[in-house]
Amino acid sequence: MRPTSQTPLYSVVFSFALQTNTDQLLEELSRFDYPAFNDKPEVHQWSAGEIAEHLLLFDIWLHSTLQSTSENTQRDPQDKINIITAGL
């Protein structure tokens, strides 16, 4: 993301953190050789490759979502706080 004077600070911080975490993940994944990357530790567990694939799919969805346009809500932002905090 290239910040502009119109970019909110939280968006810049979030983008930087996301890029930093992505770089760290790629560094960790590069340590696997091909067989180990696709080897499942246990029958019902995921391999590093399967985890990486799911993270990639999430990243694609997140990028698409963050690049989409949105509208300001017409409700009080506090309206959903009780629902959200009840699930924590």
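How many aromatic pairs does the count come to?

Modeller: The model is predicted, with local features requiring pLDDT of at least 70 and side-chain atom pairs pLDDT 80 or more, whereas totals for chains, interfaces and linings use all residues. Residues are numbered from 1 along each chain as its sequence is written, and side-chain values use heavy atoms, without hydrogens and water.

The count comes to two aromatic pairs (ring centres of Phe, Tyr or Trp, the last by its six-membered ring, within 6.5 Å; planes under 30 degrees apart are stacked, over 60 edge-to-face, the rest tilted). Phe 32 and Phe 37 make an edge-to-face pair, with 6.1 Å between centres and 65 degrees between planes. Phe 32 is partly exposed at 39% relative accessibility, as is Phe 37 at 24% (buried is under 20%, exposed over 50%, partly exposed in between; 1.4 Å probe, protein chains only). Phe 58 and Trp 61 form a tilted pair, because their centres lie 5.6 Å apart and their planes meet at 35 degrees. These two residues sit three apart in helix 3 (residues 48–67), so about one helical turn separates Phe 58 from Trp 61 (a helix is a DSSP run of H or I, at least four residues, numbered from the N terminus). Phe 58 is partly exposed, at 46% relative accessibility.

Phe 58 also belongs to the lining of the second largest pocket, together with residues including Leu 18, Leu 55 and Asp 59 (a pocket is an open set of points on a 1 Å grid over the protein atoms alone, where a 1.4 Å probe fits, with protein on both sides within 12 Å along at least five of seven lines; lining residues have an atom within 4 Å of a point). Helix 1 (9–29) and helix 3 each contribute at least two residues to that lining.
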